[in-house]
Structure formats: C-alpha cells, structure tokens
Amino acid sequence: PVPAGPGGPPPVPGDPIYYDPVLSRVRITIDGLSDLTPVTVQRSTNQVTWTTVRGGVVTPSGGAIRVDDYEFVPGITNHYRVVGPALWDAFGRTVASSWDTADSGQAYTTAGGAASDHSVSGGTGRQSLGTVNVERSALVDVAATDVHVQADFQLPVGAAVGAPIRLRLNGRAADAANGYLALVEVDTSAVTRLAIQKRVAGTISTVVSSVVAGSNASGNWWRVTLDCAGSTLAATLRNLSAGGATTTLTGTDAAITAGTLVGPSSVLVAGNTNTLPVVVQWDNLVVTSPEQVIYAGSITPVIDKVWLKSLARPFLNRAVVVQDYSDVERPSRAGVFEVIGRSYPVAVNDVRSSRRWQLDLLTGTAAEAADVDMLLASGDTLLVQVPPDCDVPGGYVSVGDTSVRRTARRTVRRIASLPCTEVAAPGPDVVGATVTWQGVLNAYATWADVIAAHPTWADLLELIGDPTDVIVP
C-alpha cells in the first residue's frame with residue numbers, strides 16, 4: 001500500500017510562495033501590487049510555456065493577492081510569476097516640485113512652467129496652471145510603443161472662462177513634442193469634448209475630430225484612455241462622478257511609429273481668464289497593455305503520498321492509502337465492418353478513449369472512511385495526484401459507481417473501490433474555495449458568532465470547511 005499523510009516541507013511564514021501540506025497546495029501571496037487592474041498568476045515547469053493558475057486572474061486588494069495552486073507538478077521545480085500592468089500609480093506619496101517615481105518604479109519627467117507647478121499630495125498628481133498657453137506634462141517610459149494607458153482627472157472649475165482648458169493623455173511619445181494624444185477639452189459652456197490628436201515636432205493636428213462627451217461640473221472626476229496598437233488608435237472618456245456612458249473614438253494613423261513615453265498634460269488656451277492657478281489633479285494612472293512580469297519565484301513541492309483532490313471543493317482534499325489498482329485500459333473506438341464479397345473488413349478508426357482503471361483505497365478508521373465517502377459524494381471531477389516515483393495511475397478522473405467492503409469481519413478497516421475514467425481538466429471557471437456558505441451556516445449560529453471568530457472577509461476565507469458540508473439536508 002501507498003501510505004497516507006501530508007507531505008512536503010512546512011510553510012515558512014513570510015515566504016511569498018510556500019507549500020501548505022494541510023490541503024496539499026502551493027500558496028502564492030504577493031503584495032506591493034496595484035488595486036487598479038487585475039493581475040495574472042502563471043505556472044511553468046520549463047519557463048517556456050506558462051499556464052494560468054486556476055483562479056489566478058485576480059484584482060489585488062490593499063495591494064496584495066493570495067492564490068492557491070492545487071495542480072502543481074510534484075517533485076520538480078515549479079516556476080511562478082505574476083504578470084500585470086507595465087505602469088501604475090495611485091499617487092499616495094507627497095512630493096514638491098516633482099512627480100518623483102510611480103508606484104511601479106518608473107521615474108517621471110516633468111516639463112512646462114516652474115518646477116513648483118508639478119507636485120503630488122492628497123492622493124493625486126497635480127499640475128498647477130498659473131499661466132496660459134504653457135503646457136505642463138508628466139511623462140514616464142514604459143518601454144513599449146503599443147500601449148493602453150488610462151488616467152482619472154479632476155478640474156476645480158466647471159467651465160472654462162474666456163477660452164478652453166485642454167487636458168491630454170499622451171501615448172507612444174518620443175518626448176513632449178512628439179506622440180499621440182487623447183484630447184479632453186472643456187469649453188466656456190462646460191461642454192466636454194473628446195478627440196484624438198498627434199503631435200509631430202511640436203505641431204498638433206487632429207486625427208479624429210472632437211465629439212461632445214458630456215457636461216463638466218466643478219469637482220467631477222473623469223476617466224480617459226488612449227490605445228495605440230500599430231496604426232489603430234482609440235480613445236474613451238467617461239464622467240465617473242455623473243456615471244455617464246463612455247464616449248469612444250477610433251481612427252488610424254501611421255505618422256508616429258516610435259516612442260515609449262506615456263502620461264498626462266494640461267494647458268490653458270490663450271485667452272482663458274479663470275482664476276489662477278487652475279490646478280488639474282490626476283489619479284489612477286495605469287498602463288494595462290503591455291503587461292510585465294511583476295514578480296517571479298519558484299518552489300519544488302514534494303509529496304510522498306497519493307492525494308485525491310476536488311478542485312471545486314478543496315476542503316475535501318485527502319491523502320489516501322492505495323491498497324491496489326487494476327490494469328490500465330484504453331478502450332478502442334474503432335469500428336470494423338464486414339463487406340459482402342470481400343475477405344477483408346473495412347475499419348473506421350478513431351482515437352482511442354481515455355485511460356480507465358480502478359483504485360482500491362484502504363481506510364483504517366471510521367473517520368477516514370467517512371471523509372472518503374464525502375469526497376466521493378460531491379460528484380466532482382477529481383485530481384489523482386501521485387508522487388513522481390509512484391506507479392499508481394494519476395490524472396483528472398470521473399469516478400463511476402463505487403463500492404465499499406470490509407477487510408475482515410468486525411473491523412473498521414474498509415476498502416473503497418473507485419472505477420476511474422480519465423477526463424479533461426475542469427474549465428477555468430471552476431475555482432474552489434476552502435469553505436462554503438453551507439459550511440458557515442453549519443459552523444456558526446449567528447452573524448455575531450461569525451464576526452467574533454473572523455473579523456475580516458480574509459479571515460473567513462481561511463476557514464477550512466468540514467467534509468459533511470457537501471451534504472445539504
């Protein structure tokens with residue numbers, strides 16, 4: 001028999017990647033990320049082909065993510081990486097006369113006006129427009145020409161006075177005088193317009209003419225985006241404060257093929273008579289395309305037992321004792337047809353069916369037998385995960401009609417026979433949790449009891465459910 005029991009090294013507190021033997025999972029916990037956009041956790045055994053970890057597309061909360069991988073390859077090095085935005089900045093710092101460095105680590109280059117016109121405070125990057133016809137810009141290098149860049153902005157005034165206020169989101173810029181622009185213009189009637197422009201050697205021309213995107217009120221927050229993908233350009237604008245629909249423009253232009261700078265700029269058009277300075281605030285600057293590797297690490301998870309795992313209900317995962325297993329079969333799906341007047345029949349061939357075999361599991365106590373029974377009662381596709389030096393067949397299986405027999409009279413030792421048919425892995429929409437709402441209801445009488453035991457949602461998600469939670473009365 002192959003013995004049961006947890007395997008692998010114990011978790012090391014503080015390690016971003018470690019093996020947890022309780023449910024046989026690799027846990028990836030990474031912080032210092034952006035809450036502005038999802039990131040993707042991927043696994044590879046050769047660092048050439050990468051697979052997204054089940055449940056690995058996640059939006060950070062408080063700058064952190066936690067993803068559990070139950071489908072690691074045991075006994076060899078598993079490489080993990082977190083792929084996310086090329087740039088992000090939530091402007092949580094305080095800086096005078098500069099925008100300093102984005103949260104993702106790139107340094108800004110600011111231009112236009114005095115150094116004091118560029119600052120970061122109160123959770124926003126600020127451009128102080130104290131003179132007309134002098135553009136202030138803050139650009140950062142993302143080392144890519146094809147980009148999707150997004151930023152939020154706010155004006156302290158509802159309408160421009162005398163002449164418009166123009167804000168631009170730069171993309172594929174070589175410097176402050178060259179690049180593509182998503183233009184947002186607020187005119188003297190508070191009408192807000194969106195256009196796509198290009199700037200070549202300091203001269204601005206229109207790629208896609210402006211359209212009305214809504215009305216601006218003092219203090220409204222807007223979100224503007226710019227896409228540069230080859231010769232295809234797109235821009236969007238949405239009033240976040242008013243909850244308005246998104247205005248979208250698309251066009252093509254091939255005049256600018258190089259440049260890796262992105263970032264916001266703003267200017268008062270000559271003739272503007274708003275009370276000076278007009279301070280434009282920018283927030284949530286993020287480049288979601290291209291993506292970059294934000295974190296990379298590896299681990300060699302070691303298991304010395306056979307595990308039965310439910311990817312939908314991982315709290316049912318159990319290390320098991322394999323008493324025996326049958327020969328592995330692979331049924332044919334070919335047809336052989338006799339033909340009148342011919343000695344040789346005609347074969348119609350197809351790929352063979354998946355592997356079939358029977359696993360016999362030994363349980364030594366009534367509790368072990370009950371746990372295996374609850375695992376099978378779930379009806380889930382199971383993962384039979386085996387150590388690398390073990391000849392027990394493994395893989396994703398659907399278990400047919402099961403039976404349980406005693407090993408001897410008047411003993412609690414049982415053998416459960418599991419007819420296994422190898423099947424495809426569950427789809428990526430199957431993401432397990434270690435506890436269900438039924439498990440919470442079974443464990444606690446009131447919400448007050450839940451809160452007393454688990455002050456936060458993160459604490460509650462650490463709860464490991466009971467196997468009987470799969471049975472609903």
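Trainee: In this predicted model, what makes the sheet with the order 1-2-5 an open one, and how do its strands pair?

Mentor: The sheet has three strands in the order 1-2-5, and the pairing is antiparallel. Its edges are strand 1 (17-20) and strand 5 (65-69), each of which pairs on one side only. Direction ignored, neighbouring strands of this sheet are turned against each other by 25 degrees on average.

Trainee: How do you know that strand 1 and strand 2 are paired?

Mentor: Pairing requires at least two bridges. Strand 1 and strand 2 (residues 25-30) have four bridges, in the antiparallel sense, so they count as paired. Within strand 2, I28 is the residue opposite I17.

Trainee: What is found between the strands in the hairpin of strand 1 and strand 2?

Mentor: Four residues lie between the strands, and in this hairpin S24 adopts a positive phi near 55 degrees.

Trainee: Why are both faces of strand 1 called covered?

Mentor: In a regular strand, side chains alternate between the two faces of the sheet. I17 and Y19 are on one side of strand 1, Y18 and D20 on the other. Buried means under 20% relative accessible area, and all of these residues are buried, so both faces are covered.

Trainee: Why does V346 count as partly exposed?

Mentor: V346 has 33% relative accessibility.

Trainee: Which residues form a nonpolar patch with V346 on the surface?

Mentor: F337 and V348 form the patch with V346, and together they have about 260 Å² of accessible area.

Methods: Residues are numbered from 1 along each chain as its sequence is written. This is a predicted model: local features need pLDDT of at least 70, side-chain atom pairs count only at pLDDT 80 or more; totals for chains, interfaces and linings use all residues. Side-chain values use heavy atoms; hydrogens and water are left out. Patches are made of residues with over 30% relative accessible area and no salt bridge: like charges are joined within 9 Å, nonpolar side chains (Val, Leu, Ile, Met, Phe, Trp, Tyr) within 5 Å. Accessible areas come from the Shrake-Rupley method with a 1.4 Å probe; for residues, only the protein chains shown count as cover. A salt bridge is a side-chain nitrogen of Lys or Arg within 4 Å of a carboxyl oxygen of Asp or Glu. Buried means under 20% relative accessible area, exposed over 50%, partly exposed in between (1.4 Å probe, protein chains only). Helices (H or I, at least four residues) and strands (E, at least two) are DSSP runs, numbered from the N terminus. Axes are lines fitted to C-alpha atoms, for helices over the stretch in contact, and angles run from 0 to 180 degrees between N-to-C directions.
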